[in-house]
Amino acid sequence: MSAQIIDGKAIGKAVRAEVATEVARLTERGIVPGLTVVLVGEDPASQVYVRMKGRACDEAGMKSGTVRLPTTVTEAELLDTIDRLNADPTVHGMLVQLPLPDHIDEANVLLRIDPRKDVDGFHPINVGKLVTGDPNGFKPATPYGVQEMLIRSGIETSGAHVVIVGRSNIVGKPMANLLIQKGPGANATVTVCHSRTKDIGSVTRSADILIVAMGKPEFITADMVKPGAAVIDVGINRVDDATKEKGYRLVGDVAYGPVSEVVAAITPVPGGVGPMTIAMLLKNTLQAAMTL
Ligand code: NDP
């Protein structure tokens with residue numbers, strides 16, 4: 001069987017074009033949606049993500065800003081920066097790039113962000129809105145992007161058994177909460193697996209839709225999926241590869257080649273969920289600018 005390849009790049013581009021149209025409309029009314037990212041330290045992966053977010057903002061006609069702080073910044077200084085951005089009317093959305101250095105309490109930082117500007121959707125108020133199905137909150141961009149991909153690819157979630165592997169606060173848990181809501185792209189029966197799940201293959205094999213967010217390169221093999229299922233691979237992992245100029249290549253949490261022989265639809269890595277995450281972050285920033 002040859003699987004449908006769910007093209008996150010193309011779907012993400014379509015979402016971004018829709019956002020750009022709305023941004024142009026708002027700009028005509030004198031409101032230029034603005035996103036500011038706070039980056040602490042020099043983590044190379046974080047720097048790449050922050051650059052990508054800035055570029056995507058610019059392309060959509062939004063105002064982007066980055067506040068760079070040294071790894072040695074104190075928690076109090078970081079909280080002061082957030083207060084300043086909370087008070088700045090040109091900043092509609094903000095996020096603090098994670099992970100943070102160990103001496104800073106991530107929960108304190110997320111709590112300090114004005115929930116109306118919290119376009120990552122990690123503030124407990126927005127988490128609560130997601131759980132209760134309040135549409136006025138911000139949905140975390142990665143699971144929101146997965147849901148959008150499923151909808152735009154015509155993959156029916158209503159009544160489907162969705163198995164999510166991973167229970168992080170940024171992917172697995174919000175993904176489950178999105179899919180159990182009433183409404184389009186939801187109404188699913190959801191099972192969440194994690195490192196303590198027994199006989200994980202027997203659970204993943206029961207999935208009509210399998211969403212994997214583990215951070216374990218090519219963990220999900222062909223014998224762990226149901227023939228004809230849809231597989232969404234959130235994982236992004238670097239594996240050594242001497243044939244590549246950089247010395248590594250990116251792979252997902254799913255063994256793409258063998259699994260794509262068995263399933264009906266699958267996302268590639270790269271070019272799957274990654275581009276959707278950025279597109280939905282822009283959508284959230286637009287939502288913030290429209291409602292602030
Ligand atoms: P975390 O490390 O926070 O969570 C990983 C989850 O996987 C945990 O719940 C863990 O279980 C579970 N897990 C790990 N090993 C196993 C195992 N052997 N069997 C079953 N479950 C296991 O990761 P994130 O959620 O932050 O990210 C997951 C992946 O997604 C990463 O590769 C990350 O790079 C990628 N990612 C991609 C994004 C994108 O835009 N495409 C955005 C965000 C993340 P337990 O809780 O028991 O430890």
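A crossing is called right-handed if the near helix is turned clockwise from the far one by less than a right angle, and left-handed if it is turned anticlockwise. With that convention, H6 passes H7 in a right-handed crossing, whereas H1 passes H10 in a left-handed crossing. The model is a predicted one, and the points below are grouped by topic.

**Domains**

- The protein is divided into domain 1, which covers 30–116, and domain 2, which covers 141–274.
- Between the C-alpha centres of domain 1 and domain 2 there is a separation of 28 Å.

**Nonpolar cores**

- The largest nonpolar core comprises 48 residues, and within it Met62, Val146, Ile209 and Ile211 have the most contacts.
- Helix H10, residues 273–291, supplies the largest share of this core, namely 10 residues.
- Both domain 1 (30–116) and domain 2 (141–274) are represented in this core, each with at least three residues.
- Apart from this core lies another one of 19 residues, which includes Ile200, Ile220, Val225 and Val254.
- Once neighbours within four places in sequence are left aside, the contacts of Ile211 are Val146, Val162, Val163, Ile164, Val165, Met175, Leu179, Ile232 and Val234.

**Helices H1 and H10**

- The axes of H1 (residues 8–28) and H10 come within 8 Å of each other and cross at roughly 20°.
- Angles under 35 degrees count as roughly parallel, and H1 and H10 are therefore roughly parallel to each other.
- On the H1 side the contact is made by Gly8, Lys9, Ile11, Gly12, Val15, Arg16, Val19, Glu22, Val23 and Leu26, while H10 contributes Pro275, Met276, Ala279, Met280, Leu282, Lys283, Leu286, Ala289 and Met290.
- Lys13 also lies in helix H1, and because its relative accessibility is 63%, Lys13 counts as exposed.
- Although Lys13 and Met276 are 263 residues apart in sequence, their C-alpha atoms are 8.4 Å apart in space.

**Helices H6 and H7**

- H6 packs against helix H7 (residues 172–179) at an angle of about 40°, and their axes are 8 Å apart.
- H6 and H7 are therefore oblique to each other, since an angle under 35 degrees would be needed for the pair to count as roughly parallel.
- The contact between them involves Pro143, Tyr144, Val146 and Gln147 of H6, together with Pro174, Met175 and Leu178 of H7.
- Gln147 has its place in H6, which spans residues 141–152, and because its relative accessibility is 8%, Gln147 counts as buried.
- Not counting residues up to four places away in sequence, Gln147 touches Met175, Leu178, Pro184, Gly185 and Ala186.

- Gly121 is found in the loop that runs between helix H4 (106–112) and helix H5 (124–132).
- With a relative accessibility of 2%, Gly121 counts as buried, the cut-off for that term being under 20%.
- When residues up to four places away in sequence are not counted, Gly121 touches Asn126, Val127, Phe138 and Pro140.
- Gly121 and Pro99 are separated by 22 residues in sequence and, from C-alpha to C-alpha, by 16 Å in space.

Definitions and conventions. Residues numbered from 1 in each chain as written. Predicted model: local features only at pLDDT ≥ 70, side-chain atom pairs only at ≥ 80, totals over all residues. Heavy atoms only, no water. Core = buried A, V, L, I, M, F, W, Y, C linked by side-chain atoms within 4.5 Å. Buried < 20%, exposed > 50% of the residue type's maximum accessible area, 1.4 Å probe, protein only. Helix = DSSP H or I, 4+ residues; strand = E, 2+ residues; numbered from the N terminus. Domains from an automatic or database assignment. Contact = heavy atoms within 4.5 Å. Axes fitted to C-alpha atoms, helices over the stretch in contact; angles between N-to-C directions. Parallel < 35°, antiparallel > 145°, perpendicular 65-115°, else oblique.
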